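This report describes selected local features of one protein chain. Please view the sequence and the model alongside the text.

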Amino acid sequence: MAKLLASPLTSLLSVALISFVITAVRSCSPADQTALNAFKSSLTEPNLGIFNTWSEDKDCCKDWYGISCDPDSGRVTDISLRGESEDAIFQKSGRSGYMTGTIDPSVCALTALTSFVLADWKGISGEIPPCVTSLASLRILDLAGNRLTGEIPADIGKLTKLGVLNLAENQMSGEIPASLTSLTELKHLELTENGISGEIPADFGSLKMLSRALLGRNELTGSLPESISGMERLADLDLSRNHIEGPIPEWVGNMKVLSLLNLDCNSLTGPIPGSILSNSGFGVLNLSRNALEGTIPDVFGSTTYFVALDLSYNSLSGRIPDSLSSAKFVGHLDISNNKLCGPIPTGSPFDHLEAASFSDNQCLCGGPLMKTC
Ligand SMILES: *[C@@H]1O[C@H](CO)[C@@H](O)[C@H](O)[C@H]1NC(C)=O
């Protein structure tokens, strides 16, 4: 061994090998490490000690919990810190994640960042630093499940590569910024459970790649913008518990891949368009707690397949349409608290339903109700 090392040729080779290894996996960019230290210093995580792994004598790209880098440049590409996780570090402590503090603007110096996840820590407060919109490579921004306040940065539209924007379950206010609809790569938009007000932007349908729009539990007003009708990838639309008003447009029922539509707890008026009940692609439809009136359109058929159909707490009148008994499947049906009348149809979709599905109507009879027709 000593003899081998002594040989000038092998020494040269090993020097070459070592420097090859060093350049192949670059260690953490010093500027990024400085930025991460500043980011860390405004946060406190008492339960798990994840920041204990962020120590100066370790390489931030290899040993720091939740950090990944580009192996060629040593630049930080991912911050992935979730307060609810199946990681060993969580199981060992037996406690769920909790973190307080604020998001330091130093994170904006991580200009190679593609994914910024700081979610479900329950206690992180303050505003989203406006400079995050300068992170031009960002594809995922997930800050859900904290106590963030303030508004969605007005120039969020600058993040042209953004595919996921999740700010759900925070205390954000203000309106949906006009620039948001220019995010042409956006697939998932989740703003559920905040205090976001104002109208849904009229050009919301410009989000051509969007498949999930979860905007429930906010303070949104106005009506459903017609541009939504052109969203050919929209599968889940949740606008529940807002103040959306006006009639449900007929075009909603003609959307190609829409399968979940929650409009419950709003101020919708007018009749239920037949198109949304005859569209066999809808698996979940919740129109509960609005001011819908008129009869339930008689448009069901053998392709009707509802996991859940909730029309409760409206002012629907007339009979339950007979065609509903020809449905292939209705898992959960709730038409209680309306003004319906007449006999409950018989047939397989009704066999498993309980009286609560039909209670508090004007004069329904038969089926699971105690009242005979
Ligand atoms: C429909 O919405 C109402 C009101 O928000 C809710 O109470 C109900 O559980 C929902 N129905 C289903 C089937 O999820």
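Glu169 is buried, because 21 other C-beta atoms lie within 10 Å of its own and the cut-off for a buried residue is 20 or more. The model is a predicted one. Glu169 sits in the loop between strand 8 (164–166) and strand 9 (188–190). Its phi is near 55 degrees, a positive value in a residue other than glycine. Most residues other than glycine have a negative phi.

Tyr313 also has a positive phi, of about 55 degrees, and is not a glycine. Tyr313 lies in the loop between strand 19 (305–310) and strand 20 (315–318). With 20 other C-beta atoms within 10 Å, Tyr313 is buried. The table sets out the two residues.

| Residue | Phi | Loop between | Other C-beta atoms within 10 Å |
|---|---|---|---|
| Tyr313 | about 55 degrees | strand 19 (305–310) and strand 20 (315–318) | 20 |

Glu293 has Ser315 in strand 20 as its bridge partner. Strand 20 is also joined to strand 22 (residues 339–343) by 2 bridges, and these strands run parallel. There, Gly318 stands opposite Leu340 in strand 22. In a regular strand the side chains alternate between the two faces of the sheet.

Another part of the chain carries a record. An unreviewed UniProt entry annotates residues 30–70 as "domain: Leucine-rich repeat-containing N-terminal plant-type". Over residues 30–70 the chain is 29% helix and 12% strand. The end C-alpha atoms of this stretch are 14 Å apart.

Helix 3 (residues 30–41) has 12 residues. From its first C-alpha to its last, helix 3 reaches 17 Å, close to the 16 Å expected at 1.5 Å a residue. Which residues of helix 3 are buried? They are Asp32, Ala35, Leu36 and Phe39. Seen down the axis of helix 3, the buried residues fall within an arc of 100 degrees, and therefore line one face of the helix. These buried residues pack against strand 2 (67–69) and strand 3 (76–82). Pro30 and Ser41 are exposed, on the face of helix 3 turned away from its buried side.

Notes. Residues numbered from 1 in each chain as written. Predicted model: local features only at pLDDT ≥ 70, side-chain atom pairs only at ≥ 80, totals over all residues. Helix = DSSP H or I, 4+ residues; strand = E, 2+ residues; numbered from the N terminus. Buried ≥ 20, exposed ≤ 12 C-beta atoms within 10 Å, placed from the backbone. Pairing = 2+ DSSP bridges. UniProt positions renumbered as here; feature names shortened; annotations may be inferred. Expected span 1.5 Å × (residues − 1). Arc of directions from axis to C-beta. Contact = placed C-beta atoms within 7 Å.
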